[in-house]
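Some notes on the backbone and the ligand site follow, for comparison with the coordinates.

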Amino acid sequence: MTSFLTLYQFPGPWDVFSASPFCAKLEAFLRWQQVPHKAVTVSRLKGAPKGKVPYIEDANGKRGDSNLIIDYLCSAYGLSPDAALSAEQKAVARSITYLCEESIYRIMAYMRFVDSEGWAKMQALLFAKYPAVVRWLVAPRIHAYVKKQLTQQGIARHSRDEIVAIGRRDVDALSAMLGNKPYFFGEDMTSVDITVFSVIGNLITGPFQHEVALHAASHPNLAAHMQRVKNHCFSG
Ligand SMILES: N[C@@H](CCC(=O)N[C@@H](CS)C(=O)NCC(=O)O)C(=O)O
C-alpha cells in the first residue's frame, strides 16, 4: 500500500499519449486536476485489479477502470471538475463518453490489432525492442485475442467498409457537437473534453493513418480541440 497515488498505464509509442486512450485520459485528468502522482508504465496486466489498464494505487488500495477511478478521485480527493454542468449537460457528457469509448475506441482497436495493414504497423512498434522470436511467438496470440474480443463485442463482425462508415459517422457526430466552441460545453474545459481528447488524439497521432483517423484529422475543430486539451493538461 502506498500513500502516494501511482498510475499504472500502457506506454505511448508515439507522441505523448499512452497507446491506450483510457490511460491517456486518466493521466490528463490527474495533471489537469493537479493530483500528485507517479505514472508507471507496464506492459503486462498482472496485478491489475480488473485485468485491464489503467489502474491506480493509493492509500486505499488498487482500483481499476478509468471512469470509476475518476469518480473515486472526485469523492476521495475532493475534486469537482464538472460542478458547473447542468444535469442535461452531464447526461450529454455521458453519451459522448460512450460514443468515444464503446464505439470509436473499438474501431481504433480493430484497425490496430485486426486489420492486416494496421496490425503490421503495430507489431513493428510493439516488438521493436524485442528479439524476432518474441514477436513470432507473442504477436499471433495478441492478434487472435483482440479479434476474439472484438468479434464477441460485435464490431469485428462487420465488413471493413462498414466499420469505416460507422467510424466516420461517429467522428462527424463529435465534430457537430463541438461546433465552433473551444470545449464541448463552451469556454471551460470539463471531463468530457479529456475523454474526447484521449480517443481523437490517439486516432490522429496513431501509427496507422487509416480512413477513420484521416477523417478525424480532417475536422479542424476536432484537431484544434485535441491540441487545446493537450496544451491545457500536458504543458508545464
Ligand atoms: N473501461 C475500461 C477499459 C480499459 C481497457 O479496455 N483497457 C485496455 C487497454 S486500452 C486493456 O487493458 N486491455 C487488455 C485486455 O482486454 O486484456 C477503462 O475505462 O479503464
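1. Asp65 comes out as partly exposed, because 16 other C-beta atoms lie within 10 Å, and the partly exposed class falls between 12 or fewer for exposed and 20 or more for buried. The model is a predicted one.

2. The backbone at Asp65 deserves a look: phi is positive, about 80 degrees, although the residue is not a glycine. Asp65 sits in the loop that runs between β4 (61–64) and α2 (66–76).

3. Asp65 also belongs to the ligand surroundings, together with Ser66 and Asn67.

4. Pro54 is placed in the loop between β2 (37–41) and β3 (55–58).

5. A positive phi is also found at Gln34, near 55 degrees, and this residue is likewise not glycine. Gln34 is in the loop between α1 (21–32) and β2.

6. Is Gln34 buried or exposed? Gln34 has 8 other C-beta atoms within 10 Å and is therefore exposed, since the exposed class requires 12 or fewer.

Notes: Residues are numbered from 1 along each chain as its sequence is written. This is a predicted model: local features need pLDDT of at least 70, side-chain atom pairs count only at pLDDT 80 or more; totals for chains, interfaces and linings use all residues. A residue is near a molecule or strand if its C-beta atom, placed from the backbone, lies within 6 Å of it. Helices (H or I, at least four residues) and strands (E, at least two) are DSSP runs, numbered from the N terminus.
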